[in-house]
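Please look over the sequence and the model below before reading on. The briefing that follows takes up selected features one topic at a time.

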Amino acid sequence: MQEILGLVRRCVEDYDMIQSGDTVAVGVSGGKDSLLTLTALARLSRFYPKPFRVVAMTIEAGTPGMSFDGVADYCHALGVEYIRVSVPIYELLERREKNPCSLCAKLRRGALSTAMNEHGIRKIALGHHYDDAVETVLMSLIFEGRLGCFQPVTYLSRTDVTQIRPLLYVKERQVVNAAKRLELPIVENPCPANGETRRQEIKELIVSLEGRYPDLKQKIFGAMQRYPLYGWGVGGEDK
């Protein structure tokens with residue numbers, strides 16, 4: 001965890017993610033990525049030179065079999081406020097046959113934005129990590145014919161919300177190992193589309209290539225910063 005905290009702090013500083021007095025919400029889906037983001041920021045807030053507050057926020061969609069009570073207990077142990085927002089998304093999706101994933105994502109984003117506005121929160125931390133960034137670049141290239149990726153820091157002018165991704169220097173294997181060692185209260189997602197996506201195809205492609213090119217992900221990630229992709233230049237170096 002100390003290694004992960006060091007990587008998170010470096011990422012936060014490289015991209016000036018957090019300012020003094022910020023309240024940072026962590027969007028907690030119940031997965032390992034968001035729970036580790038919450039853990040890291042909660043610990044970082046105890047000693048970071050720019051004082052900031054962390055709150056956890058979950059959109060409860062009413063999916064059968066998903067309980068966030070364990071997450072609530074974990075937030076209490078961390079000393080973090082936990083905001084739970086119930087929205088009948090599952091019920092709405094049952095009536096929808098076409099593009100349920102797109103509608104689900106849209107409803108979740110809307111509910112999250114509304115909850116943040118109600119609590120006066122303008123910054124949210126998302127759980128995208130190192131491997132997510134590499135996969136997104138390859139997805140953009142292979143499926144869309146362009147070079148693109150989400151940014152470490154994104155300001156959404158329409159909602160006046162800033163998204164930050166402090167886990168970007170942390171690799172997926174580190175997330176998996178930390179989740180096990182910390183015994184994070186992971187909430188399994190029963191959605192039938194979970195794991196059956198284009199992203200999973202890219203994951204499998206990378207695994208097949210890494211046998212011949214073991215430093216593949218490192219080179220792609222480094223290229224994103226050196227090129228740099230918009231928003232990825234360290235120290236303000238952007239194109």
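With a relative accessibility of 14%, Thr-136 counts as buried, where buried means under 20% relative accessible area, exposed means over 50%, and partly exposed lies in between (1.4 Å probe, protein chains only). This is a predicted model, in which local features need pLDDT of at least 70 and side-chain atom pairs count only at pLDDT 80 or more, while totals for chains, interfaces and linings use all residues. Residues are numbered from 1 along each chain as its sequence is written, and side-chain values use heavy atoms, with hydrogens and water left out.

- Thr-136 belongs to helix H6; helices (H or I, at least four residues) and strands (E, at least two) are DSSP runs, numbered from the N terminus.
- The side chain of Thr-136 reaches the backbone oxygen of Asp-132 at 2.7 Å, and a polar contact of 3.0 Å joins the side chain of Thr-136 to that of Arg-199.
- A polar contact is a pair of N or O atoms within 3.5 Å; within protein, one must be able to donate a hydrogen and the other to accept it, and residues adjacent in sequence count only if both atoms are side-chain atoms.
- When residues up to four places away in sequence are not counted, Thr-136 touches Gly-148, Cys-149, Phe-150 and Arg-199, contact being defined as heavy atoms within 4.5 Å.

**Helix H6 as a whole**

- Helix H6 covers residues 130-144, and its 15 residues should span 21 Å at 1.5 Å a residue, which agrees with the 21 Å between its end C-alpha atoms; the expected span is 1.5 Å times one less than the number of residues.
- H6 is mostly covered, since 11 of its 15 residues are buried, among them Tyr-130, Asp-131, Val-134, Leu-138 and Ser-140.
- After H6 comes Gly-145, whose phi is positive, near 70°.

**Aromatic rings**

- The structure holds 5 aromatic pairs, a pair being rings of Phe, Tyr and Trp (its six-membered ring) whose centres lie within 6.5 Å, with planes under 30 degrees apart counted as stacked, over 60 as edge-to-face and the rest as tilted.
- One of these is the edge-to-face pair of Tyr-15 and Trp-232, at 6.3 Å centre to centre and with 80° between the planes.
- Because Tyr-15 lies in the loop between helix H1 (2-14) and strand E1 (22-27), and Trp-232 in the segment after H9, the pair ties together parts that are 217 residues apart in sequence.
- Both Tyr-15 and Trp-232 are buried.
- Tyr-48 and Phe-52 also form an edge-to-face pair, at 6.1 Å centre to centre and with 80° between the planes; Tyr-48 counts as buried at 8% relative accessibility, and Phe-52 counts as buried at 8%.
- One aromatic cluster is formed by Tyr-15, Tyr-130, Tyr-169, Phe-221 and Trp-232.

**Charges over rings**

- Lys-171 lies over the face of Tyr-130, at 5.3 Å from the ring centre, and the charged end of Arg-198 sits over the ring of Phe-143, 4.3 Å from its centre.
- A charge sits over a ring if NZ of Lys or CZ of Arg is within 6 Å of the ring centre and within 35 degrees of the ring normal.

**Val-85 in strand E3**

- Val-85 is found in strand E3, residues 81-86, and counts as buried at 18% relative accessibility.
- Leaving aside neighbours within four places in sequence, Val-85 is in contact with Thr-58, Ile-59, Glu-60 and Ala-115.
- Val-85 and Leu-112 are 27 residues apart in sequence, and their C-alpha atoms are 8.1 Å apart in space.

**Backbone features**

- The peptide bond from Tyr-227 to Pro-228 is cis, with omega near -25°, and Pro-228 is placed in the segment after H9.
- Asp-16, in the loop between H1 and E1, has a positive phi of about 50° although it is not a glycine, and this residue is partly exposed, with a relative accessible area of 44%.
- Asp-160, in the loop between strand E5 (153-156) and strand E6 (161-164), has a positive phi of about 60° although it is not a glycine, and Asp-160 is partly exposed, with a relative accessible area of 37%.
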